[in-house]
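Here is a colleague's note to read alongside the structure. Keep the viewer open and find each element as you go.

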Amino acid sequence: MRNFLTLLVKEEKAVFSSPIAYAIVAVYLLLMGFTFTLMLFLNRTAELVRVFFQAAVLFLLIVPVVTMRLLAEERRSGTLELLLTSPVREIEIVLAKFVASLTLVLLMLVLTASDAIVLGIYADPDWGPIYSGFLGLLLLAAALAAIGLLVSGLTSNQIVAAVVAMGVGILLWMIDSIGYLLPDPFDTIVTSLSLVAHFTPFATGALFLSDLGFFLTVVLACLLLTVRTLARR
Amino acid sequence: MGTIALTTAVIAAEQLTKWYGPRLAVDRVSLAVGPGEIVGLLGPKGSGKTTILRILAGYLRPSAGTARISGLDVVDDALASRRRVGYVPEDAPLYGGMTVREFLAFMGRLKGLATAGLPAAVDAAVERLGLGPVRGIQIGRLSRGYRQRVAIAQALLGSPDLLILDEPTNGLDPRQIIEMRELIRSLGGERTILVTSHILGEIERVADRVAILLDGRLLGVHALRAPSEGQRLRLHVRGHEAGVRACLARVPGVTAVGVEGTSATSVATYVVDAEQAVAETLAAALIAGGFGLLAMEPAPVDLETLFLRLTGDREAATR
């Protein structure tokens, strides 16, 4: 636990001392504010479904940028050798990096909550879908962060890590579309892998244990695979 | 290498083997190193030096064979054995964004130093390596020499039994190289040091023993600072070469006399091997023979010759 906290503090410092984090948060807030304002004045409805989908799509692009340096940079600069020859477990390294990247996402979500507060002040929104939407975004971001971390562990090039993680994320987001072309049972299998299929219920206020389980499974599987890639040496 | 009992050895490697895919990087290397020894691993680039260090430091797993650090297996007792090792990888990778103090505190915590004792341990390492003037500076801004020292300071945290230095003089300027050599020698005795280099002179100057590697195989382990039995002396003598040789060879205890070089002024350099201390009798014999003894100094084992002989033998054997 002590190692984890030591590593976490180091990772948090690395995330928040980098200009990348601030650029990402600023661009994210700008785009989200644009969408929220547009939605508010065009639709005049007190809900955030569109905002959630906009955030989800932005996460597909942003989270890989947050995670790209996590392990790739350590591998490139050789500091991974320093970490892995210290008396720490691989899982502590992986968890610290995962939690640190998720902190930035959490910060973005907290700032996005200002949209919900505005709705609460000027209207009487249905809070259920708003809570579930934020939960869905957090789970989606966690899954994307875990995928990004895994990819970052496989290369020493940050750009390669970002691009591949983006590709994997976007493919998983829209993979259900190809289900229409596939025979049974492949269509169901493919659909059940889709990020959007599991995210939509959250965004619209429907909570299913299976969706929660899906995101947690992706996170767990990717983190375990990352530990394996670090341990295989 | 049977001189060190495996139970007391700081490093006990047995039949260590490492494959990278189809390539054999380390081939059945066995090595035992005792407490306080400085052992040099010498070999050309790609001879498996770094791979051996990485296995001992716990970064790589051996494909076959075992390695123990102070009796702890590097695979089965990985965390415990890593606590006994201070490792400085080649090119001293460090977190450039941290200050020297931050970095040392971070590494100290990872090595399990108690929070209460951490500042004192960091200060001691800073003091030991002369990092005082740069303790608050970001590592990324430091010169190569300072970075190397920060890496060694990090390795000393937690008082490890074994210090592993991979090419510690790489990329340093001549003055820094001399400082680094002095540092390594001063750290020996306190703890066991395993140091690599592809430069003969470096190993010759810092190590007590040298292990020579070629193509992943250990060709031999040789003592550089031989214990009292046997002696090798280098003499600069003025006089007729054949006469000097004859005079030297007649001294009791002398086993071999070689000539290294002659200058125009009839001064030649002779290398004398003896099975006992012969310096005084050699000097007396030369003076009695009417030759001019200009200088006499102990000559360490000529590593270059040894290296060429061992690697040459091997090349001849594989041919």
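**Notes on the two chains**

1. Four bridges link strand S7 (residues 162-165) of chain B to strand S8 (residues 192-197) of chain B, and the two run parallel. Within this pair, Ile164(B) faces Leu194(B) of S8(B). Helices (H or I, at least four residues) and strands (E, at least two) are DSSP runs numbered from the N terminus, and two strands pair if DSSP finds at least two bridges between them.

2. Before going on, please note that this is a predicted model, in which local features need pLDDT of at least 70, side-chain atom pairs count only at pLDDT 80 or more, and totals for chains, interfaces and linings use all residues. Residues are numbered from 1 along each chain as its sequence is written, while chains are lettered from A and ligands numbered from 1 in the order in which they are written. The model has ipTM 0.88 and pTM 0.83. For chain B the average pLDDT (the predictor's confidence in each residue, from 0 to 100) is 86, with 90% of the residues at 70 or above.

3. Which sheet holds S7 and S8? They belong to an open sheet of six strands in chain B, ordered S6-S7-S8-S3-S9-S10, with mixed pairing.

4. Now look inside. The largest nonpolar core has 143 residues, and among those touching the most other members are Leu140(A) and Ile164(B). A core is a set of buried Ala, Val, Leu, Ile, Met, Phe, Trp, Tyr and Cys residues joined through C-beta atoms within 7 Å; buried means that 20 or more other C-beta atoms lie within 10 Å of a residue's own, with C-beta atoms placed from the backbone.

5. Where do the chains meet? 16 residues of chain A are in contact (C-beta atoms within 7 Å) with 21 residues of chain B. Helices H1 (2-16) and H5 (79-84) of chain A each supply at least two residues of chain A's side.

Methods. Contact = placed C-beta atoms within 7 Å. Buried ≥ 20, exposed ≤ 12 C-beta atoms within 10 Å, placed from the backbone.
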